[in-house]
Protein chains: 2
Amino acid sequence: MADVFIALVHYPVYNKNREVIASALTTIDLHDLARLAAAYDLAGFYVVTPLEDQLRVAQEMVAHWSEGWGAGYNQTRKEAVALVRLAGGLEGAVEDIERTTGKEPLLVGTSAAKGGRRTAFSEMKPFLHGENPLLIIFGTAWGLTEEILDGCHLILEPISGRKNYNHLSVRSAAGIVLDRLLGRS
Amino acid sequence: MADVFIALVHYPVYNKNREVIASALTTIDLHDLARLAAAYDLAGFYVVTPLEDQLRVAQEMVAHWSEGWGAGYNQTRKEAVALVRLAGGLEGAVEDIERTTGKEPLLVGTSAAKGGRRTAFSEMKPFLHGENPLLIIFGTAWGLTEEILDGCHLILEPISGRKNYNHLSVRSAAGIVLDRLLGRS
């Protein structure tokens, strides 16, 4: 299997009015995605934000659960948080993956919107067994900008349940995406 | 397809020390599970807590997004919150389903623990196409008590990713469970 990384992007993303913003970090997202990363045996989880105070918050959270009081209190949380990496931008995450794996990651975008260039979950198998690591990129707020999606090698098809409603939280959506790709073999 | 309901139980559940507690309501859980209920076309989402102040908080949240300021601000959130029902206990949820559907629901427990009586996701199809509505029950905190699980007709197998780590948030786990049962047909 290829190494799989995820990134949670706080900039650049859209707000409700489709303006490009830097969203605020939500610690519950970090915990939920870190736990998913542990459950699905991912190689790392990048928290991406250019805001220095937000990076500091993330850093404190990581330190609390990996070295501080929380490490003794909750061993499974420590195990999950150990997978968290901080990056000021998506490029930084990509460089880090290149440095640690020696290979260029395949950038896999996610979007709740349908579009021309979408890859079905069923078509992902060759990439999951390919040579290159995968970086699956999730957006916060109203989602990744077109520019980010355009720069991805692949964009996953949106999750469609039984209805034409696709406004899931990133906490639920990331779980479903990882489970569809890696959950049953 | 059978009508599918979900319940998020705040009592009785275990805490870290396996004591039976009533957990505090988390509004982010309500939003995330309501959105999953909308996406997977569920018939309803029961928030179960015996604590009256907590029921009041849930009621205010529902009112805010369904009638108050939030209803105009976010239409998709309104659509999701319309599926939320409040119940003081699991029995109340069951009675409500019996009253509205005229049929007794099949109680489907969930647990992160392996055990003797577990039903594989692949075995669920007959029930999803059966006569009776399904009530899929999720626990908060450290999970549903044995007593609740013993009272369920079925208990779903735990979600296993690629690793022996199954400490997912209920926000992620509920998404994965619903997607496995209803997401791809």
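Guide: B:Asp29 and B:Arg171 form a salt bridge (a side-chain nitrogen of Lys or Arg within 4 Å of a carboxyl oxygen of Asp or Glu), with their closest N and O atoms 2.5 Å apart. B:Asp29 belongs to helix H1 (residues 27-39) of chain B and B:Arg171 to helix H8 of chain B, so the pair ties together parts that are 142 residues apart in sequence. Helices here are DSSP runs of H or I with at least four residues, strands are runs of E with at least two, and both are numbered from the N terminus. B:Asp29 is buried, at 4% relative accessibility, and B:Arg171 is buried as well, with a relative accessible area of 6%. Buried means under 20% relative accessible area, exposed over 50%, and partly exposed in between, with a 1.4 Å probe and protein chains only.

The model is predicted: local features need pLDDT of at least 70 and side-chain atom pairs count only at pLDDT 80 or more, whereas totals for chains, interfaces and linings use all residues. Residues are numbered from 1 along each chain as its sequence is written, chains are lettered from A and ligands numbered from 1 in the order in which they are written, and side-chain values use heavy atoms, leaving out hydrogens and water.

An α-helix has 3.6 residues a turn, so residues three or four places apart point the same way. The closest N and O atoms of B:Arg35 and B:Asp32 are 3.4 Å apart. B:Arg35 is buried, with a relative accessible area of 12%, and B:Asp32 counts as buried at 0%. These two residues are also part of a network of salt bridges that links them with A:Asp29 and A:Arg171.

A further salt bridge is formed by the side chains of A:Asp179 and B:Arg180, at 2.7 Å from N to O. A:Asp179 lies in helix H8 (residues 170-182) of chain A and B:Arg180 in helix H8 (residues 170-183) of chain B, so this pair joins two chains. Both A:Asp179 and B:Arg180 are buried. Over all chains, the count comes to 14 salt bridges.
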